[in-house]
Amino acid sequence: MGKQETEMLKGTLEGIVLAILSGRPAYGYEITAWLRERGFSDIAEGTIYALLVRVEKKGLVDVEKVPSEKGPPRKVYSLNAEGQEYLDEFWRTWSFLAERLDQLRAQGGRQS
């Protein structure tokens with residue numbers, strides 16, 4: 001991933017993770033693996049864990065400790081109602097920006 005792509009991803013990763021959690025509860029490594037399988041190969045596990053701590057502190061997810069076969073219990077995250085509202089706003093903002101960027105690209109940067 002190039003530097004520009006990495007910077008853009010930083011701004012959207014929270015929304016991406018919440019979108020994943022809107023589909024089903026998951027733990028940190030599961031989220032990282034899912035992202036890597038879909039081409040986000042440079043995402044570090046630590047980045048996802050730090051992000052999960054942030055969204056937990058913001059009250060956007062619920063957390064359940066689930067026993068693990070390999071060590072301590074896993075923290076499984078699920079999107080709650082406040083997180084769904086936040087995600088809905090993320091998608092509205094994403095759509096707004098995507099439309100404006102598409103218009104800009106179609107115009108070749110010309111002002112009308």
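This is a predicted model: local features need pLDDT of at least 70, side-chain atom pairs count only at pLDDT 80 or more; totals for chains, interfaces and linings use all residues.
**Whole chain.** Start with the C-alpha trace. Along the principal axes, the C-alpha atoms occupy a box of roughly 60 × 30 × 20 Å. Switch to a cartoon view and the chain shows 4 helices and 2 strands. Followed along the sequence, these elements come in the order α-α-α-β-β-α.

**Surface and interior.** Colour by burial: of the 112 residues, 28% are buried.

**Charges.** Select the charged side chains. There are 16 positive and 17 negative ones in the chain. The centres of these two sets are 5 Å apart.

**Helices H1 and H2.** Now select residues 3-23, which form helix H1, and residues 28-37, which form helix H2. Their axes come within 11 Å of each other and cross at roughly 105 degrees. An angle of 65 to 115 degrees counts as roughly perpendicular, so H1 is roughly perpendicular to H2.

**The H1-H2 contact.** Finally, show side chains at this crossing. Which residues of H1 meet Ile 31, Trp 34 and Leu 35 in H2? On the H1 side, select Leu 13, Ile 16, Val 17, Ile 20 and Leu 21.

Terms used:
Residues are numbered from 1 along each chain as its sequence is written. Side-chain values use heavy atoms; hydrogens and water are left out. Buried means under 20% relative accessible area, exposed over 50%, partly exposed in between (1.4 Å probe, protein chains only). Lys and Arg count as positive and Asp and Glu as negative; His and the chain ends are not counted. The place of a charge is taken as NZ of Lys, CZ of Arg, CG of Asp or CD of Glu. Axes are lines fitted to C-alpha atoms, for helices over the stretch in contact, and angles run from 0 to 180 degrees between N-to-C directions. Angles under 35 degrees count as roughly parallel, over 145 as roughly antiparallel, 65 to 115 as roughly perpendicular and the rest as oblique. Contact means heavy atoms within 4.5 Å.
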